[in-house]
Amino acid sequence: MKTRDVALTALFIAMVCVATMVVRIPIPQTNGYMNLGDSMVLLAAVAFAPWQAFMVGGVGSALADLFGGYPQWAIWTLIIKGVEALAAGGVLRLLKIPTSRISVPQIVAFIMAAAWMVLGYYAAESFMYDSKAALAELPANIVQASGSVILASLLMPAMQRFLVSRSAEEK
């Protein structure tokens, strides 16, 4: 892995962490919160190979839990958000979906990955608390997932232009 790739990976991990921590809307039923981090997790799926996206999404989100006072969620988040990024990136690459512009297949890939996030947190909350608490948080997770799909889709073309221009400058 090149130095540029390591630096970009670290930068994205930090962006995921910050986006998760900056805007927090509390959910009292489970002491959780809604955030913007998933939009960065989905963008990581565009910027990196699937396993690297897993690391960016999972580690960045888990760090936000650790730094933000939710250490009990860090392992769950590492897995859930990591798989979210892995799934989105895998589908985009497997189906060769272009990411230079917003498209229906790209949005569907993001929706599938975000749906995994909702399902993953439902299962984790059911395990940690109970199904009533998980059901109570379900609407907030759906809102967060929907907003993240929209925001990531809108930011994706600009991010792609930046990444392409940066790699062209290196040549």
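Trp73, Tyr121 and Tyr129 come together as one aromatic cluster. Keep in mind that this is a predicted model, where local features need pLDDT of at least 70, side-chain atom pairs count only at pLDDT 80 or more, and totals for chains, interfaces and linings use all residues. Residues are numbered from 1 along each chain as its sequence is written, and side-chain values use heavy atoms, leaving out hydrogens and water.

On to the ring pairs. Rings of Phe, Tyr and Trp (its six-membered ring) pair if their centres lie within 6.5 Å; planes under 30 degrees apart are stacked, over 60 edge-to-face, and the rest tilted. By that rule there are five aromatic pairs. Here are two of them:

| Pair | Centre distance | Plane angle | Type |
|---|---|---|---|
| Trp73 and Tyr121 | 5.8 Å | 50° | tilted |
| Trp76 and Phe127 | 5.7 Å | 55° | tilted |

Trp73 sits in the loop between helix H3 (50-67) and helix H4 (74-94), with Tyr121 in helix H5 (residues 104-128), so this pair ties together parts 48 residues apart in sequence. Helices here are DSSP runs (H or I, at least four residues), numbered from the N terminus. The other pair also links distant parts of the chain: Trp76 is in helix H4 and Phe127 in helix H5, 51 residues apart.

How buried or exposed are these rings' residues? Buried means under 20% relative accessible area, exposed over 50%, and partly exposed in between (1.4 Å probe, protein chains only). Trp73 and Tyr121 are both buried. Trp76 is partly exposed at 28%, while Phe127 is exposed at 65%.

How values were computed:
Helices (H or I, at least four residues) and strands (E, at least two) are DSSP runs, numbered from the N terminus.
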